[in-house]
Amino acid sequence: MSSLDDLYRKVIMDHYQSPRNRGQLPDADATIQLKNPSCGDQIQLQLKIEDGHIRDAKYDGEGCSISMASASMMTEAIIGKQVDEALDLANRFSKMMVGEDVDTTGFEDIEALQGVCKFPARIKCATLSWKAMEKGICERCDYDLECGCHKHPLTDAETDDGAISEVKIADSATE
Amino acid sequence: MFGNEIREQFPILKQRVNDKPLIYLDSAATAHKPLAVINAVDDFYRNYNSNIHRGSHALALRATDAYEAAREKVRKFINARHDSEIVFNRGASSGINFVAQSYGMANVNEGDEILISLMEHHSNIIPWQQLAKKRGAVLKYLPLYPDGTIKLADVREMVTDRTKIVAITHISNVLGTINPVKEIVEIAHQKGAVVLIDGAQGAPHKRVDVQNINCDFYIISGHKMGGPTGIGAVYGKKQLLDNMEPIEFGGEMMGTVGLYDSTWKDAPLKFETGTMPIAGAIGLGAMIDFLEEIGMDKVEAHENELVNYALGRFANFPGLTIYGPLTNRSSLISFNLEGVHPHDIATVLDLAGIAIRAGEHCAEPLTRFLQVPATARASFYIYNTREEIDILYSELEKTKEYFGNVFA
C-alpha cells in the first residue's frame, strides 16, 4: 500500500492521535465554526490575536485523520506568528494542496500533508481548518478578502468549497 | 443470485480503478446504466431528437410517442390507475418540493401539522421545514428506535386531526429500513391526512404497487434505478393532481394565454413546464423495461441474498458497527470501523478499486441520532456479487490493520 503511505505519513497520524492545541480558548478574540456539509467534517477554531500577532489558537471538532491532523499542525505553526505570516502560510499551503511547488519555509510538520494533493477527494479535509483560520483573521482584523492587500489563495483556488461558516468575534475585537 | 449475464450489461463496470477491477458499492447514491438505457438515449439524440407535444412533423410525433410511452411504463411499473397520475420532473428532490409547494401551500394552514420521521433524507425534510415556516404549521418527527425502525404505535399517536401531510421514506438510504408504508397510510387516512412516500430507494429495489399501498403521492428518482440523471416522476392520485396548481409557469403547460390571465392544461401536462428531459424520460422507460424483463421479484431476491450475505459475514468483524435493522431491510449497509474515520475508510477502499460513500448521506438528523460524525456505506444493486463483498471484507481487514500499524 505504498500510495496510502504517501497520504498517511507517520507525522500526520501522530498529530491525529496526539493532537496539539485541541480544546477551548476561554479568552478568544474570534471563534470560527466551519462545516463541510458534504462530508460532515466540522471544526471550531479559536484565535487570540494581539498587536498583529496570533498569541494563541485552539481547535476542536469532528473529522477524519487528515482534517484533524491538519488543524493540529496549523495551530502549531501559527501560534506566535504575525497575522501576515499566518496568511502567507495559508497561501502557500493552499498552493501545495493543488499540487504547486511552493516554498516550504516554516512548514515543518505541515510538509507531510503534501501527499494530500494526489487525493482530490481529501483536499477539502486538509484545508478546512486553514479556511477557518483565514476567516477568523479577516473578520477579527477587518481585512477585506477582496481588497488585494492580502493574498487569499484558499478562496481563489477552492471557490466551490461549499463550507458553511459561523464567525463570532469577541466584543474586544470591535475596539 | 444473478450470474454474469446482468453484470455484462453495464459497460462502466468493466474498467479498472487505481489498477484494480472496479467494485461499485455506491448505487444508493446513483446506480449505473445498462446498455439498454445508454442505447435508448443515444437512439433519441441520434435519430429522433425533437421537442414534444408541440411539433407537427414526423420526428416530433415520434419523440412525443416515446415520451408518453415512458409515462405509461412508469404507470405500469408502480401499478398506478391512470397515465395522468404520473408527472415527470427532475428527480426525487424536485418531486417532493413540487408536492410541498403545490399541495402543501394550498392545504396546510396555520397550526396544522406535518409529520415526517427522523430517518428522512434532507430532500424529505427541508421542503417540509420551508412549508411549515411559510404556513405557520408544525413539523413533527416520528422517533427512531435503536434498531433503526419507527413504530406504528407512534404513528397512531402522532397523527392527529391537525395532521395534513405525512411524508416518509419507503426505504432509508442510511439504515436500509423498509418502512410499513401501507399501515402508515391507513392510519393517516383515518385522520384525513395525505401521505407522501419517498420512493427514491424504494422503486429501484422493491415491487411497488401504489394502489395497494394506497398512498397519495409516491416519489420516484430515475437515476437511482439506473435511468439517466435529471429525470424523476411523481405519482399522485388523480383527484389530488386535478385540483393542484402548477408551481412553474410558461411554455407547454398552458391552455390559453390572455394578456392578463391564462389557463392550464390538464394534469399531468400542467405540471410539466418548458422542455422536459425527454431523453431522460425515454431512458427511464428503457430502464423500467430492463428491470421488468428481469422481474422485480428476482431483483429483490438477488439483493436480499447479497445483503444477508454481507450482514452474515460482517457480523463478527472485530470493531465494526452496522447500523439499522438486521431483518426486513434493503440492500445497503452503513457501518463504522473502530478507530478509523469513514473518510479514511473510503480513501483506503478507493485505492483498492472499491467505491463506497462516507459522510452523512444527506441525512444529518439521522446521523446525529446515531451519535456518530459520519458513517461509511456500501450499497448493492443488481450487478453486485458475493465475490465483491468478499473483497470488501478483506480490504476492510487490511484497512484495520493499516491504521492499527500507523498508530503503533
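**Figure 1. Secondary structure of chain A in the predicted model.** Chain A contains 6 helices and 4 strands, where helices (H or I, at least four residues) and strands (E, at least two) are DSSP runs numbered from the N terminus. Along the sequence these elements follow the pattern α-α-β-β-β-α-α-α-α-β. Of the 175 residues of chain A, 50% count as buried, that is, under 20% relative accessible area, with exposed meaning over 50% and partly exposed in between (1.4 Å probe, protein chains only). Among contacts (heavy atoms within 4.5 Å) in chain A with a separation of 6 or more, 65% come from residues 24 or more positions apart. This is a predicted model, in which local features need pLDDT of at least 70 and side-chain atom pairs count only at pLDDT 80 or more, while totals for chains, interfaces and linings use all residues. Residues are numbered from 1 along each chain as its sequence is written, chains are lettered from A and ligands numbered from 1 in the order in which they are written, and side-chain values use heavy atoms, with hydrogens and water left out.

**Figure 2. The packing of helices α4 and α5 of chain A.** The axes of α4 (residues 83-97) and α5 (residues 123-140) of chain A come within 10 Å and cross at roughly 155 degrees; axes are lines fitted to C-alpha atoms, for helices over the stretch in contact, and angles run from 0 to 180 degrees between N-to-C directions. The two helices, α4(A) and α5(A), are therefore roughly antiparallel to each other, a description used for angles over 145 degrees. On the α4(A) side the contact is made by A:Val83, A:Ala86, A:Leu87, A:Leu89, A:Ala90, A:Phe93 and A:Met97, and on the α5(A) side by A:Ile123, A:Ala126, A:Thr127, A:Trp130, A:Met133, A:Glu134 and A:Ile137.

Figure 3. In chain B, 4 strands form an open sheet with antiparallel pairing, in the order β13-β14-β17-β16, two strands being counted as paired if DSSP finds at least two bridges between them. Strands β13 (320-323) and β16 (357-359) of chain B stand at the edges, each with a single partner strand, so one side of each has no neighbour in the sheet. Neighbouring strands of this sheet are turned by 30 degrees against each other on average, direction ignored. Helix α11 (residues 296-314) of chain B packs on the sheet, where it touches β13 and β14 and makes about 20 degrees with the direction of β14(B). Helix α12 (residues 342-351) of chain B lies across β14, β16 and β17, running at about 160 degrees to β16(B). Between β14 (residues 332-337) and β17 (residues 375-379) of chain B there are 4 bridges, and B:Ser334 has B:Arg377 as its bridge partner in β17(B).

**Figure 4. The buried strand β5 of chain B.** In strand β5 (residues 113-117) of chain B, 5 of the 5 residues are buried, so this strand is largely enclosed by the rest of the structure. B:Glu113, B:Leu115 and B:Ser117 point one way from β5(B), whereas B:Ile114 and B:Ile116 point the other way. Strand β5(B) pairs with β6 (residues 138-142) of chain B in the parallel sense over 5 bridges, and the bridge partner of B:Glu113 in β6(B) is B:Val138.

**Figure 5. A hairpin and a cis peptide bond in chain B.** Strands β11(B) and β12(B) form a hairpin with 4 residues between them, and B:Val257 has B:Ser262 as its bridge partner in β12(B). A cis peptide bond, with omega about 5 degrees, joins B:Ala267 and B:Pro268, and B:Pro268 lies in the loop between β12 and α10 (278-294) of chain B.

How values were computed. Parallel < 35°, antiparallel > 145°, perpendicular 65-115°, else oblique.
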